[in-house]
Amino acid sequence: MKNKNVRGLLALVVVTALSFGVILGSKALAKDTGAGDASKEAKVLEELDTKDAENIQKAVKTDQGYVITVKKKGYASDIVMKVSFDEKGEIVTKVEVTEQNETEGLGAKIADEEFLSQFEGVKAPVVLPGMNLEGDSQKESSTDELKDVVFADGTYEAKGEPSNGYTDQVNMTVKDGKITEVVWESVGEDGSKKSVLSENGEYVMTENGPTWKEQAEAMAAALVENQSLEFAKLDEQGKTDAVSGVSISVGGFVDLAQQCLNQAAGIEEATEQETETSVQGTQVDAVSGATVSSTAAVTAINDAYAFLQTVK
């Protein structure tokens with residue numbers, strides 16, 4: 001019995017010693033190879049003068065490049081971001097959101113890795129689809145172009161990309177230079193129409209509110225009445241309070257109606273290549289349904305980049 005106890009004790013000592021050996025060996029290997037360090041911390045070499053720089057809170061030059069802290073007005077709050085650039089001040093190496101209080105589940109997603117990681121390694125400035133480098137949407141620029149324009153008579157149509165199984169489409173009729181009819185429809189993959197489904201009670205949004213068809217018709221009627229889209233001011237969720245009873249997201253309608261207006265005014269849509277050349281920026285993606293917050297984040301990055309160009 002005594003021998004068995006001794007052997008058991010010896011085995012325990014051996015196993016313990018081997019375990020310590022493995023742990024110490026792993027630590028030594030990690031130290032030699034640099035494993036375990038997510039990234040080398042940048043060393044600040046110089047703090048840059050930001051006294052007269054709009055929206056720039058702090059800027060430093062490091063041994064890895066530059067780090068600019070910038071504040072921009074978002075949809076519901078001020079957004080504070082740290083934007084890191086390479087040594088030339090041209091390539092974005094990292095973007096962090098340090099402060100924000102945007103809408104949960106929408107604008108707040110600008111702080112998510114999925115949104116921020118797309119900026120790493122891209123050349124500044126950056127733009128969202130349909131945005132120019134001043135942070136204004138091309139839609140607004142198109143609206144300005146349509147002032148005092150006489151529309152050509154005819155029927156115009158625009159279709160969107162499929163979303164949640166449905167594709168939006170807008171048809172617009174112009175007679176004697178005036179918009180006389182607008183139809184907004186959303187068609188399912190099987191050919192079903194939201195207008196019909198909502199009328200039959202198969203597509204219900206609220207029990208007591210107007211149906212999808214009634215709201216779509218209200219938006220169409222507002223466009224005919226106003227003869228432009230200037231009335232349709234959208235919020236963060238792509239909704240508008242400009243038309244009574246309309247609570248659905250109308251961003252798709254506004255985009256497609258603008259295309260029809262451009263067609264009637266003889267304004268050609270720029271090709272993708274022409275758009276990229278005109279804005280001279282790297283295109284990135286917005287957070288779905290959070291245009292204001294996404295635009296604020298992108299323009300903050302561009303503000304940081306523009307500041308660097310003045311001090312380099």
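The second largest pocket holds about 470 Å³ of space, a volume being the space filled by probe spheres set on grid points that are joined across faces, edges and corners. A pocket here is an open set of points on a 1 Å grid over the protein atoms alone, with protein on both sides within 12 Å along at least five of seven lines, and lining residues have an atom within 4 Å of a point. The model is predicted, so local features need pLDDT of at least 70 and side-chain atom pairs count only at pLDDT 80 or more, while totals for chains, interfaces and linings use all residues. Residues are numbered from 1 along each chain as its sequence is written, and side-chain values use heavy atoms, without hydrogens or water.

Of the 20 residues lining this second largest pocket, Ala42, Gln64, Val67, Ser84 and Glu96 are the closest to its centre. The lining divides into 7 nonpolar, 7 polar and 6 charged residues. At least two lining residues come from each of β2, β3 (66–73), β4 (78–85) and β5, and β2 gives the largest share, with 4 residues. Strands are DSSP runs of E, at least two residues long, numbered from the N terminus.

Turning to the sheet, 5 strands form an open, antiparallel arrangement in the order β1-β2-β3-β4-β5. β1 (44–47) and β5 (92–99) each have a single partner strand, so one side of each is left without a neighbour in the sheet. Two strands pair if DSSP finds at least two bridges between them; β1 and β2 (residues 56–62) run antiparallel and are joined by 3 bridges. Glutamate 47 stands opposite valine 60 in β2.

Definitions and conventions. 1 Å grid on protein atoms, 1.4 Å probe; cavity = no way out; pocket = protein on both sides within 12 Å on 5 of 7 lines; lining within 4 Å. Nonpolar A, V, L, I, M, F, W, Y, C, P; charged D, E, K, R; others polar.
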